[in-house]
Amino acid sequence: MATSCRGGEKAMTVLRHVAAPEGMAAGQGYSHVVTGRGRLVVVSGQVAQDSRGELVGPGDAGAQARQVFENLGRCLAAAGAGFGDVVKFGFYLLDVADLPAVRVARDAVIDTAKPPASTAVQVAALFAPGYLIEVEAWALVDD
């Protein structure tokens with residue numbers, strides 16, 4: 001269950017994670033399906049920028065992934081959500097070989113027993129040179 005707070009009261013948003021629908025192999029580190037009910041929070045793709053808009057971790061996928069998840073956490077908090085409310089991540093990587101570094105950063109902030117649904121795509125370029133990773137998040141919070 002994901003929890004969210006509003007006005008000092010604790011509300012519960014119930015999320016259901018399905019790792020392996022009938023007739024399918026379980027996802028490796030992600031759920032095939034996550035369902036729930038609540039207010040939708042969509043966070044635009046985040047990159048490894050610090051508070052001054054400067055690139056963090058040039059050439060270092062692990063450092064960039066950690067910054068990306070720090071930024072995602074700030075965005076989720078601004079909407080009254082947290083990583084426990086995330087139902088889906090979209091990962092965009094210049095090199096899919098960097099996915100293990102992204103998973104380490106992701107696993108530091110999620111419940112790995114109930115991981116969100118995920119999509120990982122290797123792309124030709126991101127919005128500016130030097131950026132290796134972009135991650136978007138979809139969350140559901142109590143309405």
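## Salt bridges, a buried helix face and a surface patch

Asp50, Arg52 and Glu54 are joined in a network of salt bridges, where a salt bridge means a side-chain nitrogen of Lys or Arg within 4 Å of a carboxyl oxygen of Asp or Glu. Please keep in mind that this is a predicted model, in which local features need pLDDT of at least 70 and side-chain atom pairs count only at pLDDT 80 or more, while totals for chains, interfaces and linings use all residues. Residues are numbered from 1 along each chain as its sequence is written, and side-chain values use heavy atoms, with hydrogens and water left out.

By the salt-bridge rule, the count comes to 4.

| Pair | N to O distance |
|---|---|
| Arginine 52 and aspartate 50 | 2.9 Å |
| Arginine 74 and glutamate 70 | 3.8 Å |
| Arginine 106 and aspartate 107 | 2.6 Å |

For burial, the terms are: buried under 20% relative accessible area, exposed over 50%, and partly exposed in between (1.4 Å probe, protein chains only). Arginine 74 is exposed at 51%, and glutamate 70 is partly exposed at 42%. Both of these residues sit in helix α1, 4 residues apart, about one turn of the helix.

Now for the overall fold. The protein has 2 helices and 8 strands, taken as DSSP runs numbered from the N terminus (helices: H or I, at least four residues; strands: E, at least two). Along the sequence they follow the pattern β-β-β-β-β-α-β-α-β-β. The radius of gyration is 15 Å, which agrees with the value near 15 Å for a compact globule of 143 residues; it is taken over C-alpha atoms, and the globule rule is 2.2 Å times the number of residues to the power 0.38. Those C-alpha atoms fill a box of roughly 45 × 40 × 20 Å along the principal axes. Buried residues make up 38% of the 143 residues. Of the contacts (heavy atoms within 4.5 Å) with a separation of 6 or more, 68% are between residues 24 or more positions apart.

Helix α2 (residues 99–107) is worth a visit. Its buried residues are Leu99, Val102, Ala105 and Arg106. Seen down the helix axis, they fall within an arc of 120 degrees, so they line one face of α2; the arc is that of the directions from the helix axis to the C-beta atoms. On the other side of α2, Pro100 and Val104 are exposed. The buried residues pack against α1 (61–78), β6 (86–93), β7 (117–122) and β8 (133–141).

Arginine 106, the salt-bridge partner of aspartate 107, has 2% relative accessibility and counts as buried, while aspartate 107 is partly exposed at 32%. Leaving aside neighbours within four places in sequence, arginine 106 is in contact with Gly29, Phe69, Phe89, Phe91, Pro115 and Ser118.

Finally, the loop between α1 and β6 holds alanine 79, which is partly exposed at 24% relative accessibility. Not counting residues up to four places away in sequence, alanine 79 touches Arg39 and Val41. The C-alpha atoms of alanine 79 and valine 43 are separated by 9.2 Å, although these residues are 36 apart along the chain.
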